[in-house]
Amino acid sequence: MTDSLDQPIARATVRLEGTTYATATDAQGGFAFRRVPAGTHRVWAALLGYQRHTVEVAVAPNDSAHVMLVLRPAPISLEAVVVTAAKR
């Protein structure tokens, strides 16, 4: 998994929709699911500060499938935080 500048994204959540399969990307943006049932699945990835990305992937019986996900930045709006202190 990479960002829009082709840099790896670590610690993103990756899930197989409708299943209990979930993992996080490693430092190189890699991830893997083991023993995924054959069929067409929706895979999504998300990380704070990026838009969630979903793709469909077909898995053939007794085979593997490769998918490349690219997350695009998503601006985050936060409320102002006021910090006050008093001297004792």
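**Exercise 1. A surface patch**

Which residues make the nonpolar surface patch of about 390 Å²?

Solution. Start with the source of the coordinates. This is a predicted model, in which local features need pLDDT of at least 70 and side-chain atom pairs count only at pLDDT 80 or more, while totals for chains, interfaces and linings use all residues. Residues are numbered from 1 along each chain as its sequence is written, and side-chain values use heavy atoms, with hydrogens and water left out.

Step 1. Apply the patch rule: residues must have over 30% relative accessible area and no salt bridge, and nonpolar side chains (Val, Leu, Ile, Met, Phe, Trp, Tyr) are joined within 5 Å, like charges within 9 Å. Areas come from the Shrake-Rupley method with a 1.4 Å probe, and for residues only the protein chains shown count as cover.

Step 2. The residues that make this patch are Leu-48, Ile-76 and Leu-78.

Step 3. Leu-78 lies in the segment after β6 (70–71).

**Exercise 2. The overall form**

Is the protein spread out or compact by the globule rule?

Solution. Step 1. List the elements, where helices (H or I, at least four residues) and strands (E, at least two) are DSSP runs numbered from the N terminus. The protein has 0 helices and 6 strands, in the order β-β-β-β-β-β from the N terminus on.

Step 1. Compare the radius of gyration, taken over C-alpha atoms, with the globule rule of 2.2 Å times the number of residues to the power 0.38. The radius is 18 Å, well over the 12 Å that the rule gives for 88 residues, so the protein is more spread out than a compact globule.

Step 2. The C-alpha atoms fill a box of roughly 70 × 30 × 20 Å along the principal axes. Of the 88 residues, 22% are buried. The protein exposes about 6700 Å², with carbon and sulfur atoms supplying 51% of it.

Step 3. Contact means heavy atoms within 4.5 Å. Of the contacts with a separation of 6 or more, 37% are between residues 24 or more positions apart.

**Exercise 3. A threonine in a loop**

Is Thr-25 buried or exposed?

Solution. Step 1. Thr-25 sits in the loop between β3 and β4.

Step 1. With a relative accessible area of 6%, Thr-25 is buried.

Step 2. Leaving out residues up to four places away in sequence, Thr-25 touches residues including Met-1, Ile-9, Val-14 and Phe-31.

**Exercise 4. Aromatic rings**

How many aromatic pairs does the structure hold?

Solution. Step 1. Rings of Phe, Tyr and Trp (its six-membered ring) pair if their centres lie within 6.5 Å; planes under 30 degrees apart count as stacked, over 60 as edge-to-face and the rest as tilted. The structure holds 2 such pairs.

Step 1. Tyr-21 and Phe-33 are edge-to-face, at 5.9 Å centre to centre and 80° between the planes. This pair links distant parts of the chain: Tyr-21 is in the loop between β2 (13–16) and β3 (22–24), and Phe-33 is in the loop between β3 and β4 (39–46).

Step 2. Phe-31 and Phe-33 are also edge-to-face, at 6.0 Å and 65°.

Step 3. Tyr-21, Phe-31 and Phe-33 form one aromatic cluster. Tyr-21 is partly exposed at 23% relative accessible area, and Phe-31 is partly exposed at 24%.

Notes:
A salt bridge is a side-chain nitrogen of Lys or Arg within 4 Å of a carboxyl oxygen of Asp or Glu. Buried means under 20% relative accessible area, exposed over 50%, partly exposed in between (1.4 Å probe, protein chains only).
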